[in-house]
Amino acid sequence: MIIEQLIFIVISFAIFVYMFFRMIRNNDTTYIMILSLEFIGIALSFTEILLKVKLNMIFVILKYLLAIILPIFIIILEKRNITLFEIVYIQKAKLYLLLGDNKKAKQALIDLIEKNTKSYNAHKMLAEIYELEGGMRKAIDEYVQAIDLNKKDYDSYYKVAELLTKLDKKEEAAQMLFNLLEKKPEMYRATELLGEILIEKERYKEAVNIYQDALRYHVVSYELNYNLGIAYTMLNDFQNAKTCYEKAAQINSLLYNAKYSLAEIAIIYKDLEEAERRFLEAIEEEELSADGYYELAKIYLMKGDKDTAIKYINTAIDSNAKKIAPKVKKEPIFIPIMAKISIPFNLEEPEQEEIPKLQPKEIKAKEHLEEMSEITRHLGYNDIKMLRKNVAGKGRKIEEKEAIYQEQDIQKERQE
């Protein structure tokens with residue numbers, strides 16, 4: 001009992017002296033709080049000795065917690081470059097945020113940074129507050145400071161790229177994302193954002209490479225396969241686009257846009273049965289139904305079935321007359337059945353509830369496929385075979401590249 005009390009007093013007093021000199025050296029009054037708590041713990045021990053009483057378990061735990069455990073915890077944090085001052089101000093900022101007072105939270109963090117410019121947590125937290133408030137440029141500055149202090153803060157890398165994109169500085173954002181993916185190639189969000197930027201900038205070959213690299217880590221991602229299909233579509237590599245759309249549709253059976261794209265590719269290759277099957281799947285999506293019925297009507301006219309064509313084209317007009325009727329008037333294939341197509345006299349439709357729009361990249365790929373299917377409709381089978389042959393060569397190169405990647409992965413696993 002006496003030995004235990006003696007050891008406690010020696011250790012707690014040594015820690016107290018150490019913390020006192022830390023306060024003097026750092027000129028930091030926040031240590032007063034810790035010293036006060038330590039003093040309470042030591043006082044409990046002296047009370048036990050002077051009054052010759054045995055404290056109950058709660059007070060014993062309390063004295064060890066206040067006089068030894070808490071200050072040792074603070075010392076460990078300081079060894080990791082997290083000062084007591086930083087802990088107090090970070091917690092103060094979090095409390096203000098919890099209370100909804102962003103202004104005081106920011107001021108607490110700014111005060112902390114003024115005292116310690118290398119506080120990673122303060123810069124990161126301040127960046128998040130600025131971003132929340134819409135101060136994107138200030139947020140970028142703070143995220144950059146955080147990255148300088150912690151090179152492995154990949155989330156801040158991504159945040160900077162995301163904010164640059166919102167500020168329409170997409171070239172800078174793309175470069176940031178390229179750098180990020182070199183360090184962390186499996187980062188899904190970075191691949192998605194970079195792919196979007198590259199497709200928007202019509203840098204389709206680069207987008208293909210980015211998506212292919214990402215699929216090594218996320219094989220069953222329907223979004224990556226679908227986006228890769230769009231990139232191939234814009235490169236007129238329809239065979240590889242078809243493969244990607246098929247994978248995407250297998251992973252996500254509700255991905256009707258992929259099925260619509262597969263239908264258009266089938267028309268390009270004059271596979272009308274496949275095209276019909278895919279369009280019948282795609283029309284389950286309300287946004288694609290009018291276009292799907294329109295394309296089905298053209299297919300049945302090519303087959304020579306006018307009655308079914310009339311049924312489908314009138315269904316398409318009923319779905320969206322304002323969109324379909326002008327296309328029907330311009331399309332020569334409908335001339336033989338024009339008298340039986342019910343085109344309304346007034347195409348001004350009443351206000352309807354907004355239907356979710358396709359993304360710009362999807363609209364662009366869809367229109368490109370529709371245009372290409374119209375062009376190839378007038379080509380002969382020999383021309384289509386030549387087209388198949390050209391893209392097959394590209395496909396083999398892609399397969400060879402994928403095989404190399406797989407071999408590299410196998411070798412890496414064996415080495416590990």
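In this predicted model, the axes of helix H7 (residues 136-149) and helix H8 (residues 154-166) come within 9 Å and cross at roughly 155°, axes being lines fitted to C-alpha atoms over the stretch in contact, with angles running from 0 to 180 degrees between N-to-C directions, and helices being DSSP runs (H or I, at least four residues) numbered from the N terminus. H7 is therefore roughly antiparallel to H8, a label given to angles over 145 degrees. Contact (heavy atoms within 4.5 Å) involves, among others, Met 136, Ile 140 and Tyr 143 of H7 and Tyr 157, Val 160 and Leu 163 of H8. The residues of this contact comprise eleven nonpolar, one polar and two charged, where Ala, Val, Leu, Ile, Met, Phe, Trp, Tyr, Cys and Pro count as nonpolar, Asp, Glu, Lys and Arg as charged, and the others, Gly among them, as polar.

For helix H10 (residues 188-200) and helix H11 (residues 204-215), the axes come within 8 Å and cross at roughly 165°, so that this pair too is roughly antiparallel. Eight nonpolar, two polar and three charged residues make up the contact of H10 with H11.

Residues are numbered from 1 along each chain as its sequence is written, and side-chain values use heavy atoms, without hydrogens or water. Local features need pLDDT of at least 70 and side-chain atom pairs count only at pLDDT 80 or more, whereas totals for chains, interfaces and linings use all residues.

Key: Helix = DSSP H or I, 4+ residues; strand = E, 2+ residues; numbered from the N terminus. Parallel < 35°, antiparallel > 145°, perpendicular 65-115°, else oblique.
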